[in-house]
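Thanks for making the time this morning.

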Amino acid sequence: MVERTPLVAIVADGEEIFTALEPAASTLDVLHVPYEKKALSAHHDPDGLREYASTAWERGLRTIIVGEKGASHLAGMIKSFAGAVQLLVVLQYTDDLKGLDSVASALAMPAKVPVAIMGFDTPGAINAAVFAADGLAGVHPEIAAALLEYRARYQEEVLEANGRL
């Protein structure tokens, strides 16, 4: 298989969140979107975060999917350095506030630091991958074809379910 430059990054600050983002990775695989994974921390390695985010576009990244649990510091900091790279946030439920802290934090981004909230946990991770692929499909025919096939399979599943009712 030919190595391709990653177009999407999946970023989190810990293994627990990477585990929750695995559905994004598997969906990107199905949609033939090359990606990379990177552990970053807004608090513990701000210089590494700045270096990674500020060079994202020139390295070919067009979307960064960020897993957040609690305050959305990672997403906001990445976006502040990543320029035109689209930033998609997948929130994780928290025990104390059921994820409302994550929602409030992501929604409170200042003007000119746009991030898009894709949802919580597995559905959010899958939606982030599909949204990223949608944005790339216009210039990558192989991704567009994979998206059409992906959606056709889902349509078949719905029709089959109706047949069983």
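This is a predicted model: local features need pLDDT of at least 70, side-chain atom pairs count only at pLDDT 80 or more; totals for chains, interfaces and linings use all residues.

Let me begin with Leu7, which is buried, at a relative accessible area of 10%, where buried means under 20% relative accessible area, exposed over 50% and partly exposed in between, with a 1.4 Å probe and protein chains only. Residues are numbered from 1 along each chain as its sequence is written, and side-chain values use heavy atoms, with hydrogens and water left out.

Leu7 sits in the segment before β1; helices (H or I, at least four residues) and strands (E, at least two) are DSSP runs, numbered from the N terminus. Leu7 lies 26 residues from Val33 in sequence, yet the two are 6.9 Å apart in space, C-alpha to C-alpha. If we leave aside neighbours within four places in sequence, the contacts of Leu7, meaning heavy atoms within 4.5 Å, include Pro34, Leu61, Leu136 and Ile143.

Which residues touch the most other members of the largest core? Of its 27 residues, they are Val8, Val33 and Ile65. Two or more residues come from each of β1 (8-12), α1 (15-20), α2 (22-30), β4, α6 and α7, and α6 gives the most, with 8 residues. Apart from this core lies another, of 22 residues, among them Ala9, Leu61, Val66 and Ile78.

The axes of α6 (residues 121-137) and α7 (residues 141-164) come within 8 Å and cross at roughly 135 degrees, the axes being lines fitted to C-alpha atoms, for helices over the stretch in contact, with angles running from 0 to 180 degrees between N-to-C directions. That makes α6 oblique to α7, because angles under 35 degrees count as roughly parallel, over 145 as roughly antiparallel, 65 to 115 as roughly perpendicular and the rest as oblique. Among the residues making the contact are Ile126, Val130 and Leu136 of α6, together with Ile143, Leu147 and Tyr150 of α7.

Finally, Gln92, in the loop between β4 (86-91) and α5 (100-107), is buried as well, with a relative accessible area of 6%.

Methods:
A nonpolar core is a set of buried Ala, Val, Leu, Ile, Met, Phe, Trp, Tyr and Cys residues joined through side-chain atoms within 4.5 Å.
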